[in-house]
Amino acid sequence: YRNRKIYSNVIDLASNDYLGFAEDKEIRKNAFNYAQKLPSHGAKASMLVNGYNQAHKLLEDYLKELNSFEEALILGSGFLANMALFELGRRGDVFFVDEEYHASGIVGSKLTNAKVIFFKHNDLEDLKEKSKNLNYKRVFFVVEGIYSMAGDKVKKEITDYAQENGMLIIDEAHSVGVAGENLMGITDEYNLNPSKTIKMGTLGKALGSYGAYILANKEIIEFLLNKAKSVIYTTALSPVDTLLAYFALKKLQKNLSFYKNEIKKSKLILNSDSLIKILPSIDNKTLLFKQQNLLKQNILIGAIRPPTVKTPIFRIIGRVNIEIDIIQKTLNYLKADIV
């Protein structure tokens with residue numbers, strides 16, 4: 001049974017605020033000061049009515065510049081973005097989707113007119129076997145940059161295979177701000193071809209705000225603007241949230257060496273390719289017991305249960321603004337045989 005709780009003054013090892021930007025007062029001040037100059041702090045309407053704001057264009061232009069893509073589109077959330085991406089498919093097309101892809105993509109895959117085939121997680125051989133007869137009009141390969149409930153990166157050989165045989169759709173929600181030479185994600189780290197890639201990223205993880213974006217060529221963005229229901233029939237993202245993400249990106253790029261160094265230290269402690277560490281639990285009872293025991297010490301971690309995952313797991317986020325000793329202490333406790 002799921003419920004909502006308000007956590008106050010905890011040491012947060014559960015959220016996806018990887019860089020601590022959601023708590024950054026400098027970013028907040030810069031965004032709010034800029035927002036004061038705008039005629040409205042709310043979007044008020046769909047982007048296709050009059051909800052498109054100069055704040056949206058400011059962020060879209062900066063995202064295009066940082067990622068070397070032709071065009072960008074800001075959306076209300078990562079869930080809406082994934083729903084939109086599957087509307088690219090038409091009869092005669094196919095999506096090959098990693099079985100561990102985010103739930104929003106799974107929902108989106110049920111709404112497309114294209115054929116959808118799932119392949120084993122990060123398994124190139126299974127993908128090759130299932131895609132060996134590419135008798136389709138258009139072929140899309142759908143992966144995450146870093147998988148949110150596994151913490152592992154998509155294999156480079158899978159992204160290479162996808163770009164050789166079709167169009168790669170990559171959900172970078174958990175890799176932007178964490179991976180790559182310029183911390184722009186796996187597209188950055190693997191130097192993926194923008195003309196063969198559709199990149200989705202969120203503003204509510206490492207950028208500490210809310211919302212999402214899609215980067216692609218102009219033709220794809222124009223198609224989504226005219227066909228994607230989650231773009232057309234929803235109010236545009238708040239200009240304030242948009243500006244929070246913009247100034248977070250500005251701070252990230254200004255202090256790139258610092259954040260790369262901090263991320264490296266956290267990854268070493270976690271022994272992970274990402275800032276997500278997954279540890280198995282014996283059962284749900286043990287999972288919740290240990291989570292509550294840590295909470296008594298003011299430490300909050302993720303306790304993820306089926307059906308979200310196949311078996312119960314502890315999900316620990318190595319946020320760079322949390323002391324390394326606290327992260328290490330938490331990991332040690334979770335690994336210990338304490339019931």
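This is a predicted model: local features need pLDDT of at least 70, side-chain atom pairs count only at pLDDT 80 or more; totals for chains, interfaces and linings use all residues.
**Helix α1**

Helix α1 spans residues 25–35, and within this helix Ile 27, Ala 31 and Ala 35 are buried. Viewed down the axis of α1, these buried residues fall within an arc of 65°, so they line one face of the helix. This arrangement can be set beside the geometry of helices in general: an α-helix has 3.6 residues a turn, so residues three or four places apart point the same way. Among the elements that cover the buried residues of α1 is helix α11, which comprises residues 239–254. On the other side of α1, by contrast, Lys 25 and Lys 29 are exposed. At the start of the helix there is also a contact between a side chain and the backbone, in which a side-chain oxygen of Asp 24 comes to within 3.0 Å of the backbone nitrogen of Glu 26.

**Two buried serines**

Ser 40 sits in the loop that runs between α1 and α2, the latter being residues 47–51, whereas Ser 266 belongs to helix α12, which covers residues 256–270. Ser 40 has a relative accessible area of 15% and therefore counts as buried, the cut-off being under 20%. Ser 266 is likewise buried, because its relative accessible area is 3%.

If residues up to four places away in sequence are left aside, Ser 40 touches Asn 53 and Pro 239.

**A nonpolar patch on the surface**

On the surface, Phe 79, Val 107 and Leu 111 form a nonpolar patch, and together these residues have about 270 Å² of accessible area. Phe 79 is part of helix α4, which consists of residues 78–85. How exposed is Phe 79 by relative accessibility? Its value is 39%, and Phe 79 therefore counts as partly exposed, since that class lies between the limits of under 20% for buried and over 50% for exposed residues.

Technical notes. Residues are numbered from 1 along each chain as its sequence is written. Side-chain values use heavy atoms; hydrogens and water are left out. Patches are made of residues with over 30% relative accessible area and no salt bridge: like charges are joined within 9 Å, nonpolar side chains (Val, Leu, Ile, Met, Phe, Trp, Tyr) within 5 Å. Accessible areas come from the Shrake-Rupley method with a 1.4 Å probe; for residues, only the protein chains shown count as cover. A salt bridge is a side-chain nitrogen of Lys or Arg within 4 Å of a carboxyl oxygen of Asp or Glu. Helices (H or I, at least four residues) and strands (E, at least two) are DSSP runs, numbered from the N terminus. Buried means under 20% relative accessible area, exposed over 50%, partly exposed in between (1.4 Å probe, protein chains only). The arc is that of the directions from the helix axis to the C-beta atoms. Contact means heavy atoms within 4.5 Å. A polar contact is a pair of N or O atoms within 3.5 Å; within protein, one must be able to donate a hydrogen and the other to accept it, and residues adjacent in sequence count only if both atoms are side-chain atoms.
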